[in-house]
2 protein chains.
Amino acid sequence: MSAGNTPLRFDIDARSRTCAARMGRITTKHGSFDTPAFMPVGTQGTVKGLLPWDVAKTGAQIILGNTYHLMLRPGSPLIARRGGLHSFIGWPGPILTDSGGYQAFSLSNTNSIDEDGVTFKSIIDGSMVRLTPERAIEVQNELGADIIMAFDDCPPSVDPSTVNASHGEVRTARGAEKITDHNDRLEESLKRTTRWLERCARAHARPEDQSLFGIVQGGTDLERRTRSAREITAIDLSGYAIGGVAVGEGPDEIRRVVNHTAPLLPVDKPRYLMGVGYERDLLTAVRAGVDMFDCVLPTRNGRNANAFTRTGQIRLRNAKFAEDDAPIDPACGCPVCRPTEHGWATVGGQPFSRAYLRHLFHAREMLGAILVSLHNVWHFEALLLDIRRAIRDDGWSALEVAWPVLTGGDSSQLGAVPDAQV
Amino acid sequence: MSAGNTPLRFDIDARSRTCAARMGRITTKHGSFDTPAFMPVGTQGTVKGLLPWDVAKTGAQIILGNTYHLMLRPGSPLIARRGGLHSFIGWPGPILTDSGGYQAFSLSNTNSIDEDGVTFKSIIDGSMVRLTPERAIEVQNELGADIIMAFDDCPPSVDPSTVNASHGEVRTARGAEKITDHNDRLEESLKRTTRWLERCARAHARPEDQSLFGIVQGGTDLERRTRSAREITAIDLSGYAIGGVAVGEGPDEIRRVVNHTAPLLPVDKPRYLMGVGYERDLLTAVRAGVDMFDCVLPTRNGRNANAFTRTGQIRLRNAKFAEDDAPIDPACGCPVCRPTEHGWATVGGQPFSRAYLRHLFHAREMLGAILVSLHNVWHFEALLLDIRRAIRDDGWSALEVAWPVLTGGDSSQLGAVPDAQV
C-alpha cells in the first residue's frame, strides 16, 4: 500500500475514553502496521532464530534493524547494492532502523564524543569508526528503512562522577571524557541532541521514501524532558521517540518519565518509546499515548530458555519442568503452544511440552531457542493485539484478567538475561 | 493410516525395466512414506535447526532418531511416560530409531565388547553404560519408533593391526581389545551380529506396533557380505539393512558392496542402506534396489554453511558470494530459493541470496544454519522425489540432466564437514 506522496501516514481509528491510549495504523511505502505496535528486533538483519514468515505469523508487521551492526557488517553500501535492507533480508514489510548512536556509546569501551560526532572502536574488527549525524543518516538512507531515527547524544544513565572521578576525568560506558559536573554533561547532551537533529534533518536525502523520527532525551529529570520535547518537536518530523528510558531504572521511574513525556509530543503523530520493555511497561506507555515499541527481550530471553507467559516468565531449564507435559502457556495460541491450530497435527493434538523444550535446551539443540523465541515474540504480539482491542472497547479490566502479568504477576522477576551466542 | 494387524506394509508400485530400482510405499501405524525414501536425522529428538512442519514441508515423511543419544538424555523411560517419541517431539509421522550400537562403538574411547554386549562411557556424564541386544530393544520399545534396528556388532572399518599391534592388543575406535588377527575379529563380528539379531528378535516386546529390521555386516569383503546376508535374512523380519557402509571407504567401494549385497536381500521387503550418503551414492543404491536412506549431511553441512546444489556443494562463507544475489541453487524449488512460491512475497520475488546467507554465517546468526539446513534437506528430498519419478518412467537420462551432480558434478568434493555446536 502506498502512502501517497508522503512516506508515512498515521491514522488514528479509536481513542480510549479513560486514558490517552489510541489505536490506529501507520502506513509506509512497504505497507502498514497496526498501532500500538511491538517491533521485534532484527539486529543484524534477522530476528534471531526466526524465519521471516514465522516472524510475520506472530502478528509482527514491522521489524527493527540496527544501523550500528549493519554498517560494520556487511556494510550499508553492500546492502544498498542488494536493493536495500527489505530486499537483502527478505522482509517485504515496514522496517525501522535506529541511528547507531546508542550502540556506539554503549558497546565500545573506546569512544570519544565531540560536537561533530562520535568515534568508537568497532566490535567486529577493532578499527576506529566515526559516526556523525550526517553519516548516521547517510547509512540509514543506504539501508532504506521506512522509518529512520535521528542520531542523538545518549548521556550516561548514571552520574559517572559517582563511579570514578578522582582525576576530574571519568570512565563511563562512553569511555574517557572530561566531565566536571554530571549536570553540565546532561545539559550539554540535551542541547547537542537538538543541534544534531537539525543536522540529521538537513542531511536526510530520501525524504520521499523514508520518515525521520526525532528523539527526546532528558533522563529522569522531568524538567529536562520538557525542554527536550519542546526543542525536538519544534522541528517538523513524521514522528517522535522517547529515548534514554529503560536503561537501568525501575518500572516506577519508567512510568514517571513516560507519563510526563508522552503528552508533550504532538497528538497527531506517532510516538515511539525506544527499547521498552516488559508487559507492564508497555501497558503503562500505551495508556500515556505511546504507539510504537521495540525490545530484544522476546528473542534474547527465548535463546536462554526463559519463556514469557501470561502469569510471568518461566525458566525452562529448571528441573521441575522435566516431566511437565503442559505447553509454555496454556492460554497462548502460538504454534508452539497450539500446533494443531496452526495446521500441524501432533499426536493427540499435544503441544510442544515444557518437558521437550527443557530437553532441547539441555541437549544444546537450536530448536529450543527457535521454539521459545517464536513463542515469546507471539506472546508480545498477542499482548499488543489485546491492547489494541482494549483501546477500541475500553476493555481494560478484561485485558488485565486475561494478562495477570500486567497486574499481579511479575514478568520482570527473572529480569533480562545476558545475551549468548546460541 | 493403519497397516492392519501387521505394523508394516510394503507396497511396490513400479519397477525399473533397466535396473533393480523399485518405487512404492511403506505404511506404518503412524502413516506411510514413499520409497525410495530419504530420512533426515533427528539425533536428539529434533532434526537440527528445523521446525517439524518445515521438515515435513521439504517432503520428508519419516525421520530418524538416535537411541544412543536419547537413552542417555532425556532417557527412554521419560520419553515413554510422555507417550513415546512421536508424542514427545511433536512428529506425528513415521519414525525409525537405530539401535545405539554404532554410536556406542564410535563415540566413546572407552568401551569393551563381550559376547553379551558393549560397555561404554557416556558422552553426557562419563558414566559407564551397558548396551546389550535385549537392552537396545527395550530402549527402542520405550521410544516407540515405527521401525527399530537390531543391535549389531560393528567391526572396526580398518584393520586395527595396521594402526598399533605392538602388544597383541590394539586400540581402535572401539577401545582396547585383544585381537590377534583382524580377519578373526571380522569373522567373530559377523557371527555375533547374527546371534545378537536372534536375541533382538526374541526380546522385541512390541511386535504389533514396531517393525524390527536386521542389519547385514561384512565390511568390504563380498564373500562375508554374502554369508552375513544369508544368516540375517534367515530370520524372518519386516526389513533388512546394509550396515558398515560409508564408514570411510570411497564411492567405488560403496558401489561394489551395495551392488553385491542389495540383491541378496528379500525382494519383497524394504532394504535400508544405513548412513549413506552423497547424491551419487544414493542413486547407485537405488538402482541396486535399495529403498531407504538416512544421512546427517544435509543438516550437518547446512550448519557449517555448505549448501548442496544440483551441480555440487558450495561454501557460502566464501568471499566470492559476498555480493551474489542468486539463490543457493537456481533450479531448487525450496522456500529459501523460491520464497514467493511458498507464500512469502519478498521484494521483487527475490530469493534469500547467497550474499545474505554469507552475511548470516559471518555474523554467527542462527538463521544461516536454519535456512541452509532447510534448503539442504529439501535438496535431498527433491532428489528422491525425482528418483521415484525416474523409476516410474524409466527416465534415468532426464534425471541425470536435471541433477548434474549425479554424473559430472561432484557434490562430495567438499566432503563432510565436522559437526559444530551451532
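Domain bounds here come from an automatic or database domain assignment. Keep in mind that this is a predicted model.

Let's start with chain A. Two domains: domain 1 covers 9–295, and domain 2 covers 303–407. Their centres, taken over C-alpha atoms, are 28 Å apart. Across the boundary, 26 residues of domain 1 of chain A meet 23 residues of domain 2 of chain A.

Which elements build the domain 1 side? Strand 2 (22–28), strand 4 (37–40), helix 1 (52–57) and helix 10 (279–287) of chain A each put in at least two residues. Helix 10 of chain A gives the most, with five residues. By class, that side of domain 1 of chain A has 13 nonpolar, five polar and eight charged residues.

Now the chain-to-chain contact. Chain B brings 45 residues, and chain A brings 45 residues. On the chain B side, the elements giving two or more residues are helix 1 (52–57), helix 3 (76–81), helix 4 (85–89), helix 12 (354–362) and helix 13 (366–393). Helix 12 of chain B gives the most there, with five residues. That side of chain B divides into 22 nonpolar, 15 polar and eight charged residues.

Last stop: helix 6 of chain B, residues 133–143. Why call this helix largely enclosed by the rest of the structure? Because nine of its 11 residues are buried. In this model, buried means 20 or more other C-beta atoms within 10 Å of a residue's own. The buried set includes B:P133, B:R135, B:I137, B:E142 and B:L143. Just past helix 6 of chain B sits B:G144, with a positive phi of about 80°.

Definitions and conventions. Residues are numbered from 1 along each chain as its sequence is written. Chains are lettered from A and ligands numbered from 1 in the order in which they are written. This is a predicted model: local features need pLDDT of at least 70, side-chain atom pairs count only at pLDDT 80 or more; totals for chains, interfaces and linings use all residues. A residue is buried if 20 or more other C-beta atoms lie within 10 Å of its own, exposed if 12 or fewer, and partly exposed in between; C-beta atoms are placed from the backbone. Helices (H or I, at least four residues) and strands (E, at least two) are DSSP runs, numbered from the N terminus. Two residues are in contact if their C-beta atoms, placed from the backbone, lie within 7 Å. Ala, Val, Leu, Ile, Met, Phe, Trp, Tyr, Cys and Pro count as nonpolar, Asp, Glu, Lys and Arg as charged, and the others, Gly among them, as polar.
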